[in-house]
Amino acid sequence: MRKLQTSGENFILRLIQGVIIGVGGILPGVSGGVLCMAFGLYKPVMEVLASPRKNLKTHLGLLLPVGIGGAVGCFGLAHIVGALMNAYPALATAAFAGLILGTLPALLRTAREKTPSRGSVPALFISFIFFFALFCFLNRGDGLSLTPNFFWYLLAGAIWGVSIVLPGLSSSGILLFLGLFEPMVNGAKRLDFAVLIPLVVGGVGAIVLLAKLVNRLFDRYPAVMSYIVLGIVAATTIPILPMHFISVADFAVKAALLVLGFAVAVTFDLLGRKFDCA
């Protein structure tokens with residue numbers, strides 16, 4: 001009986017994780033790939049994407065609820081996320097900043113579990129500096145203003161796909177800079193196939209092209225790649241931390257959301273390890 005309950009609880013846990021990953025994939029400054037990594041889902045996802053015929057059956061039970069939750073989070077909740085971002089952008093970002101900060105202990109533990117490599121520490125610092133500079137550039141506030149069309153939505157999908165394969169790379173940050181984020185979210189809310197079809201084609205194409213390469217790199221250089229991911233996550237989280245407060249109450253609310261997000265991430269990590277060991 002306990003085994004059945006554990007299986008049901010595991011399904012619900014993975015479903016909720018999928019929803020968070022889906023929402024994170026469309027929230028500015030947040031990477032769905034990072035959340036996959038933090039929830040212990042990155043490796044099976046990459047294995048399926050790299051060799052679906054070989055690995056899909058093995059990981060189907062794990063990834064099916066995640067996929068359902070991801071679709072709900074990305075498309076079903078797009079309207080709610082858009083409304084919250086319009087009404088309370090700073091508060092929503094504070095909560096997700098805490099969520100990403102809460103993934104750092106799990107990422108550090110994963111990196112330390114790998115066989116040490118001489119290139120690990122340099123990889124950590126180089127990835128941190130590069131992505132911190134990139135993120136600051138994308139958030140200067142003088143981005144482009146492109147006219148959305150099939151090609152640009154195809155590019156938006158490709159960027160989204162790359163952010164799934166490369167944890168820590170926030171697709172929404174890049175799309176905001178290009179002026180494509182709002183049209184993409186609005187198209188998802190309306191279920192506009194003129195937007196959704198090129199998004200899906202671009203995303204799947206990027207994932208197919210990069211998944212095998214990234215999977216090989218993680219297999220061949222596990223420590224270096226793990227520390228690169230750690231550097232990327234740290235670099236892309238710092239710029240979205242709440243730094244401006246209009247009052248003591250504003251500071252208290254943002255701090256509480258930051259702590260709440262951190263606690264949720266740590267809780268998911270503990271639950272994930274519990275079910276993995278069950």
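Which residues does Phe-218 touch, not counting residues up to four places away in sequence? I looked this up to begin with, and the list is Met-37, Tyr-42, Met-225, Ser-226 and Val-229. A contact here means heavy atoms within 4.5 Å.

**Ground rules.** I am reading a predicted model, in which local features need pLDDT of at least 70 and side-chain atom pairs count only at pLDDT 80 or more, while totals for chains, interfaces and linings use all residues. Residues are numbered from 1 along each chain as its sequence is written, and side-chain values use heavy atoms, with hydrogens and water left out.

**Confidence.** I checked pLDDT, the predictor's confidence in each residue, from 0 to 100. The chain averages 78, and 83% of the residues score at least 70. Over residues 1-6 the pLDDT stays under 50, and I found four contacts beyond four places in sequence for that stretch. Where pLDDT is low, the predicted coordinates should not be read in detail.

**Overall build.** I found 14 helices and zero strands in the chain. Both are DSSP runs numbered from the N terminus, helices being H or I with at least four residues and strands E with at least two. Of the contacts with a separation of 6 or more, 81% join residues 24 or more positions apart.

**Burial.** I looked up how much of the chain is buried: 45% of its 278 residues. Buried means under 20% relative accessible area, exposed over 50%, and partly exposed in between (1.4 Å probe, protein chains only). Helix H3, residues 42-50, is mostly covered, with seven of its nine residues buried. Among them I noted Tyr-42, Pro-44 and Glu-47.

**Cores.** A nonpolar core is a set of buried Ala, Val, Leu, Ile, Met, Phe, Trp, Tyr and Cys residues joined through side-chain atoms within 4.5 Å. The largest one has 35 residues, and Phe-218 and Tyr-42 are among those with the most contacts inside it, along with Ile-21, Phe-39 and Leu-41. Helix H13 (residues 222-237) gives the largest share of this core, five residues. I also found a second, separate core of 13 residues, including Ala-156, Val-185, Val-195 and Leu-199.

**Surface.** The chain exposes about 14400 Å², and carbon and sulfur atoms supply 72% of that. Accessible areas come from the Shrake-Rupley method with a 1.4 Å probe; for residues, only the protein chains shown count as cover. I then looked at a nonpolar patch of about 660 Å², whose members include Phe-11, Ile-16, Leu-60 and Ile-68. Patches are made of residues with over 30% relative accessible area and no salt bridge: like charges are joined within 9 Å, nonpolar side chains (Val, Leu, Ile, Met, Phe, Trp, Tyr) within 5 Å. Helix H1 (2-26) and helix H4 (52-76) each supply at least two residues of this patch, and H4 gives the largest share, five. Ile-68 lies in H4 and is partly exposed at 39% relative accessible area. Gly-67 also lies in H4 and counts as partly exposed at 43%. I noted that Gly-67 and Val-19 are 48 residues apart in sequence and 8.6 Å apart in space, C-alpha to C-alpha.

**Salt bridge.** How many salt bridges does a search of the whole structure find? It finds one. A salt bridge is a side-chain nitrogen of Lys or Arg within 4 Å of a carboxyl oxygen of Asp or Glu. Lys-254 pairs with Asp-250, the closest N and O atoms being 3.2 Å apart. Lys-254 and Asp-250 are separated by about one helical turn because they are four residues apart in helix H14 (residues 248-277). Both Lys-254 and Asp-250 are buried.
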